[in-house]
Amino acid sequence: MARSSVQEDRKARAARLREEQAQAERAARRRSTLVVGGVFGLVLLIIVGLVVLKLTQKAPAAATASGAASASVVSAVTSVPSSTFDAVGAPSTLSPVITYHPTAKPLTADGKPRILYYGAEFCPYCAAERWSVAVALSRFGTWSNLGQTTSSSSDVYPSTSTLSFHGAGYSSQYVSFTGYETTTNQPDPAGGYVPLDTPSKSDLAVVDQYDAPPYVPSGDSGSIPFMDMGGTYLLHGPQYSPQVLAGLSHEQIAADLKNPSSPVTQAIVGSANVLTATICKLTHDAPASVCSSAGVQAASSHVPS
Amino acid sequence: MSGQTTERAARSGRWSVPTWTVVVSLLLCVAGLADATYLTFEHYTQSASLLCSDKGTINCLAVTTSSYSDFHGAPVALLGLLYFVGMTALCLPVAWRLPALRWVRMIGATTGVLFVFYLVWAELFRINAICLWCSGVHVITILLFGVVLFATVMAQPSAAESPGADD
C-alpha cells in the first residue's frame with residue numbers, strides 16, 4: 001500500500017516536471033517568434049520608410065531652362081589663373097576617354113584645326129565635361145554668349161549645374177569650334193527632351209562615323225558627350241564623374257575654381273589641362289605660353305599618341 | 001524534446017530546422033540565382049536586350065548603367081550572382097544540418113539585406129529610377145533573410161537518426 005503511494009507520488013512529480021519543461025519550451029518558442037518577427041518587421045519598416053520618405057519628398061525643382069551665363073560665372077571660367085592650371089596638372093583620377101586616330105579624316109575650318117562638340121543640355125555627363133571644354137578653349141580664344149543651364153532633373157546626377165554651348169560664339173586664331181546641344185533639359189511628351197540645335201549634315205556624318213564602332217564599343221554607340229578634335233583625337237564621355245558637382249550651384253562651382261586643392265577644381269581644371277594638351281598637339285604647341293606651361297606639360301602624358 | 005534527447009542530439013553534431021524553411025530558402029535562392037544571372041548577362045552585353053521600360057520611373061536601363069551599377073569597381077549584378085551562388089550552397093538540405101554553417105548563413109543573409117538597403121536608397125534618392133529585375137532580387141533577398149532568421153532561431157539539436165529537418 002505504502003509502496004504504491006510512493007510510486008504514484010513519483011509519477012505525479014515526473015508528470016509535473018514534464019509539464020513544466022513543456023511550458024518552458026513553449027515560452028522559449030514564443031520569445032524566439034517575437035524576436036524573429038521584430039527583426040523582420042524592422043527590415044520591412046526600413047524599406048517602407050525609404051519609400052515613404054521618397055514619396056513625401058518635395059518633387060525636385062524642374063531643371064532650369066537655359067539662359068545666359070552670369071557675368072561672375074563667365075569671368076571665373078575664362079580667367080582661371082595660370083598658377084591654378086599649373087598647380088592642378090592632371091590628376092590620375094581622370095578617366096582616359098580621349099583616343100588617337102592618326103588615319104582619320106582631318107577636321108579643319110579656315111585653315112585651323114576644328115573642334116566639334118556634340119552633346120545635349122539634359123545630359124549629366126555633358127554637364128561635367130562642358131566646364132572643362134569651356135575652361136580649356138578660353139586659353140586659345142574668346143567666348144561670347146556662353147549659356148548656363150542644368151542637366152535633367154529626372155536623370156542620374158539630377159540638375160547638375162553647367163554651361164551651355166547653345167547660341168555661344170567662339171573666336172580664336174588657333175582653333176575653330178562648333179558646339180551642338182541637341183536637346184534642352186525640358187522633357188517632351190514623347191518621353192525624350194525638347195530638341196534644340198540641329199547639326200549640319202556634314203557634322204552629323206562625322207558624329208555617325210566616329211561615335212560608333214570601331215571607335216567606341218558597340219554598346220556606347222551614339223553616347224554623349226562626343227568631341228572630334230581636328231579629326232585625330234576623339235573624346236567619348238566625361239573625364240570625371242558629375243558626382244563631383246552634385247548639389248553645387250553655378251556660382252559655387254565658379255568660386256571653387258580659384259582653389260587648386262578643391263575636388264571641383266581638380267576635376268574641371270585637370271580635365272581642361274588634358275584637353276589643352278590635346279589641342280596643343282593640333283596647333284603645334286601654339287600659343288607657346290599655354291602649351292609649354294607646367295600644367296599642360298604634366299597633362300600631355302594623358303594625351304594618347 | 002526531452003533533456004536526454006537534447007544531449008544525445010547535441011552530441012550527434014546535427015541540427016534540425018522546420019522542413020518548410022529548408023524548402024522555401026532553397027527555392028528563394030534558385031529564384032534569386034536566376035534573376036541575378038539575367039542581370040549579370042545584361043551587364044556584360046551592355047543591357048542590349050533588357051526586357052524592361054527605359055523611360056520614366058520604371059527604368060531598368062538607367063539603373064543598370066548608372067554609376068551605382070558598380071560597387072568599388074565590381075559590377076553589382078556580378079556581386080548579386082556570387083551572393084546567390086553562395087547562399088544556394090548554404091541553403092542546401094545537407095548544409096542546414098551542419099551547425100557550423102548556421103551563423104555563416106545568417107551573416108550572409110544579413111549582409112544581403114544591408115546591401116539591399118543601400119541599393120534601394122541609391123535607386124530612390126540617387127538614380128531616381130526603379131529597376132524591376134533588381135527589385136525582384138531585393139524582395140527575394142529580404143524574404144530569404146526572414147526565412148533564414150526564423151530557421152536559425154528555431155533550430156534545435158536533432159537526434160542522430162533525424163534526417164535533418166522536421167516539422
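Mentor: A residue counts as buried if 20 or more other C-beta atoms, placed from the backbone, lie within 10 Å of its own, as exposed if 12 or fewer do, and as partly exposed in between. This is a predicted model, in which local features need pLDDT of at least 70, side-chain atom pairs count only at pLDDT 80 or more, and totals for chains, interfaces and linings use all residues. Residues are numbered from 1 along each chain as its sequence is written, and chains are lettered from A in the order in which they are written.

Trainee: What percentage of the residues of chain B count as buried?

Mentor: Of its 167 residues, 38%.

Trainee: Which elements make up the secondary structure of chain B?

Mentor: Helices (H or I, at least four residues) and strands (E, at least two) are DSSP runs, numbered from the N terminus. Chain B has seven helices and five strands, in the order α-β-α-α-β-β-α-α-α-α-β-β from the N terminus.

Trainee: How do α4(B) and α6(B) pack?

Mentor: Two packed helices are described by the angle between their axes and the distance between the axes. Axes are lines fitted to C-alpha atoms, for helices over the stretch in contact, and angles run from 0 to 180 degrees between N-to-C directions. Here α4(B), residues 76–90, packs against α6(B) at about 150°, with the axes 10 Å apart. The pair is therefore roughly antiparallel, the term for angles over 145 degrees.

Trainee: Which residues make the contact?

Mentor: Two residues are in contact if their C-beta atoms, placed from the backbone, lie within 7 Å. From α4(B) come Tyr83(B), Gly86(B), Met87(B) and Leu90(B), and from α6(B) come Val104(B), Arg105(B), Gly108(B) and Gly112(B).

Trainee: How many residues does each chain give to the contact between chains A and B?

Mentor: Chain B gives 21 residues and chain A gives 18 residues. On the chain B side, α6 (102–127) and α7 (132–154) each supply at least two residues.

Trainee: Is α7(A) enclosed by the rest of the structure or open to the outside?

Mentor: Largely enclosed, because 17 of its 20 residues are buried. The helix covers residues 263–282 and reaches 29 Å from its first C-alpha to its last, close to the 28 Å expected at 1.5 Å a residue; the expected span is 1.5 Å times one less than the number of residues. His284(A), which follows α7(A), has a positive phi, near 55°.

Trainee: Is Pro195(A) buried or exposed?

Mentor: Exposed, because Pro195(A) has 12 C-beta neighbours inside 10 Å. Pro195(A) lies in strand β11 (residues 193–195) of chain A. Not counting residues up to four places away in sequence, Pro195(A) touches Thr182(A) and Thr183(A).

Methods:
Angles under 35 degrees count as roughly parallel, over 145 as roughly antiparallel, 65 to 115 as roughly perpendicular and the rest as oblique.
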